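Here is a short report for a reader meeting this structure for the first time. Keep the view open while reading.

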Amino acid sequence: MFAYIVRRILYLLPVCVGILLVTFLIKAAIPTDVVSMLYSGQLTESDSAEAAAIIRAKFHLDQPPLVQFYYYVSDVLHGNLGISVRTREPVADEIGYRYLNTMELALASLIIGVLIGISTGIISAYYKDTVFDVTAMTVSLFGLSMPSFFFGILLILLFSVSLRWLPVIGDGSWKGLLLPAFNLGLILSASLARITRSSMLEVLDQDYIRTARAKGLNEKLVVFKHALKNALLPVITIIGLQIGGLLGGAFIIENVFGWHGIGELGVKAIQWRDFTITQGIILISATTYVVLNLVVDILYQVIDPRVKLAK
Amino acid sequence: MTSARTPLKSPSTKVAASQSPSQASRIGRHLLRKRSAQIGGVIFLLLVFLALFGPIITPYDPFDIKIEQRLSPPSVQHIFGTDEQGRDLFSRIIYGARYALLIMIITTVIGAVGGLSLGIPSAYFGGSADMLVMRLMDVMLGFPYILLILAIVAILGPSLENAMVAIGFANIPTFARLARASILVVKEQDYVTAERALGAGPTRIMFRTILPNILSPIIVYVSLTMPTAVLAAASLSFLGLGAQPPLPEWGTMMVNARDFIVTAPWVVLSPGLTIFVVVLGINLLGNAMRDVLDPRDSATRMS
C-alpha cells in the first residue's frame, strides 16, 4: 500500500511541473509591460529608466525564460505567490479566505450532489422503465443541458425574487450558501444519477445477484449489500473526476451569486490582467484537484478488494 | 442523422467504401427510429437552418439600437421583447445561432484534429514519443476542464476567437486518448498487416486504412463534446471572458442578467432557454448516436 502511494505521488510530479509551466506561461504571455503595471505613477520620467532596470533585475525579468521559471518554481515552493498587480497585496493573503469559501461551497455541493444523485440512480435502476425512472432520467438530461449560470438565475428568480425566501446575493451565512450549493449540487447529481443507474443495472444483472435472490435472501439485503457495494465502485472514480467539475463550476456560479470565493476573484483577475492573482488561483485550484484525485484513487484501492496493487 | 452517414460514404476510403452504403443506411434507419434522435435532429437542423438563413428571417437588425424602445416586454412587434438598448431579442437570438454553430465546429475541429494527429501516430509507433505525448495529455487532464480553458483564456486574452481556441485545445487530450485506445486494438488486425505487406507507408496505413475503422467511437465522442463546448463558450461569454458585446452571442446577451432578473426577465430567459434547448437537442442526438454506434460503451462515458 505504502509503495503504491509513493508510486502514485511520483507519477504526479510531471503533472505538477506541467501545472507550474502553464501558470508560468500566464505571466510570460501577458504582453503588458510588467514594470509599468507594478509601479505605474510611482516613477518620475528621470529615474524611471534606471528604476525599471532595477525592478526588472529584482523580478528576474532580465534573465532567460528558463531561469525565470526556476525562480518562479522556487518562489511557489516557498509559499510566495507574489504580490497582486492591482492591489499590491500579497497574493496568498488575497486568496486565503476566498479559498476556504470556495471549498465550503464545493463541499456543500458535493454532499448535495452525491446524496441526490446516487439515491436517484439506485431507485431508477431498481424501478427501471417505470414512471419514476423515465422522469428522473429526463430531468437529469435537462440538468446536463442547462447552462449552470442560467440555472442559477432561475433559482434566484424563483427563491429570492418570487418567493423571497433567500437573499439574492450571498452574505456569507448558510442562507447565502444554500442556492449556489444547490445549483452546483443538482447539476452534479444529474450526471451521478445516470452513472449510478447504469452501474447498478449492470450489477443487478450479474450471476451473484441472481444467486443471492435464489438463496431467498431478503430483497433489501440483495440491493443494499450485494448490489450497491459493487455498483458504487465506478461511481467513486467518477466523483473524483467530478470534483474538477465542481471547482470549475464554482468559477461560474460564484459570479452569479456573488459568493466571495477564488472563482469570483479569478474571473475578475483575468479581466483586470492581474496575472499574479490569476496565476495563484489557477495554481491552487489545479493543485487541489490533483491532490483530491490522488485521495480518491487511494480510497478506491482501500475500498475495492479486487484491485490488486501491481508490484 | 445524415451526419453519421457522410463520413462513411466518403469515396476516398477504400476499405470502408465496399460496405459503407448498406452499413450507413442501416445506422441511419436505426437512428431515425429513435424518438430522441428525431427530436434532437429537428432541433439541430433548425439551428443549422437559422445559422444559414438568419439574415433573411430576422425582422430587425440585431445591432440596431433604439433607446426609446428599451426593455419592452414581448409583444407582436418584438415577440421576445427588447433588451436594455432597445435591440430586438428575437433577431439577436436568431443571429446567435451562427455563433453557436461556429463554436461547435471550430472547437470540435481543433480538438479532433489536434487529438487525432497526436494520438494516432503516438499509438501506432509507440515507444518514447508515445510516452511523452501521453504524459503531456496527462498534464492537460490534470486541470479541471473549465479551469484549463480559463488558464488558456488568461494567456491569450478574452475574445470569442480565443475562447474557441481554448475550448478546442482543452478537448485535445480526450480525443488523443480515445484515438490511441482505438488504434491499439486495431493496429494488429489482419487487414492492417496486409496493407503493410503490400508496401503501404505508415502515413497511408494510419490515416487511410486505420482511421476509417475507428471513426464510430470518434463520431460518438464528437457528438458528446459539442454540447459541452456550447455550454463552456456560453459560460465564458457570460463571465465576460468570451464573445464581447455587442455581439449577439447567447452567453454575451446574459452578461448583465442579474440587473434585469426582476425588472425585465425576458432579457435573461430568451437566450438562456435557447442555449438550453439547443444543448438538449444535441445531447439527445448524441445519446441516440452512441446507442446505435457504440452500444457496449453506453455505461461509462457520460459527463
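## Terms and basis

Two residues are in contact if their C-beta atoms, placed from the backbone, lie within 7 Å. By that rule, residues 24 or more positions apart account for 73% of the contacts in chain A with a separation of 6 or more.

This is a predicted model, where local features need pLDDT of at least 70, side-chain atom pairs count only at pLDDT 80 or more, and totals for chains, interfaces and linings use all residues. Residues are numbered from 1 along each chain as its sequence is written, while chains are lettered from A and ligands numbered from 1 in the order in which they are written.

## The two chains

Chain A has twelve helices and zero strands. Both kinds of element are DSSP runs, numbered from the N terminus: helices are H or I with at least four residues, strands are E with at least two. Along the sequence, chain A reads α-α-α-α-α-α-α-α-α-α-α-α. Of its 311 residues, 37% count as buried. A residue is buried if 20 or more other C-beta atoms lie within 10 Å of its own, exposed if 12 or fewer, and partly exposed in between; the C-beta atoms are placed from the backbone.

Chain B holds 13 helices and zero strands. Its order from the N terminus is α-α-α-α-α-α-α-α-α-α-α-α-α. Chain B has 303 residues, and 48% of them count as buried. Take the contacts in chain B between residues at least 6 apart in sequence: 69% join residues at least 24 apart.

## Where the chains meet

In the interface, 44 residues of chain A are in contact with 38 residues of chain B. On the chain A side, at least two residues each come from α1 (2–29), α6, α7 (148–162), α8, α10 (219–257), α11 (262–272) and α12 (275–303). The largest share of that side is from α1(A), with eight residues.

Helix α8 of chain A covers residues 174–204. A straight helix of 31 residues would span 45 Å at 1.5 Å a residue, but the end C-alpha atoms of α8(A) span only 39 Å. The expected span is 1.5 Å times one less than the number of residues. α8(A) has a kink of about 25 degrees, centred on Ala181(A). The bend at a residue is the angle between axes fitted to the seven residues ending there and the seven starting there. α8(A) is largely enclosed by the rest of the structure, because 26 of its 31 residues are buried.

Ile253(A) sits in helix α10 of chain A. Ile253(A) is buried, with 28 other C-beta atoms within 10 Å. Leaving aside neighbours within four places in sequence, Ile253(A) is in contact with Ser148(A), Gly152(A), Pro180(A), Asn183(A) and Leu184(A). Ile253(A) and Phe151(A) are 102 residues apart in sequence, yet 9.5 Å apart in space, C-alpha to C-alpha.

## A covered helix in chain B

Helix α7 of chain B runs over residues 145–156. Its twelve residues should span 16 Å at 1.5 Å a residue, and its end C-alpha atoms are 17 Å apart, which agrees. α7(B) is mostly covered, with eleven of its twelve residues buried. Among them are Tyr145(B), Leu148(B) and Ile155(B). Gly157(B) follows α7(B), and its phi is positive, near 100 degrees.

Tyr191(B) lies in helix α9 (residues 190–197) of chain B. Tyr191(B) is partly exposed, with 13 other C-beta atoms within 10 Å.

## Two helix pairs

In chain A, helix α5 (residues 91–126) and helix α6 (residues 131–145) pack at an angle of about 140 degrees, with their axes 8 Å apart. Axes are lines fitted to C-alpha atoms, for helices over the stretch in contact, and angles run from 0 to 180 degrees between N-to-C directions. α5(A) and α6(A) are therefore oblique to each other. Angles under 35 degrees count as roughly parallel, over 145 as roughly antiparallel, 65 to 115 as roughly perpendicular and the rest as oblique.

In chain B, helix α11 (residues 215–238) packs with helix α13 (residues 265–293) at about 165 degrees, their axes 9 Å apart. That makes α11(B) roughly antiparallel to α13(B). Residues of α11(B) including Ser216(B) and Ala234(B) meet residues of α13(B) including Ile275(B) and Leu293(B).
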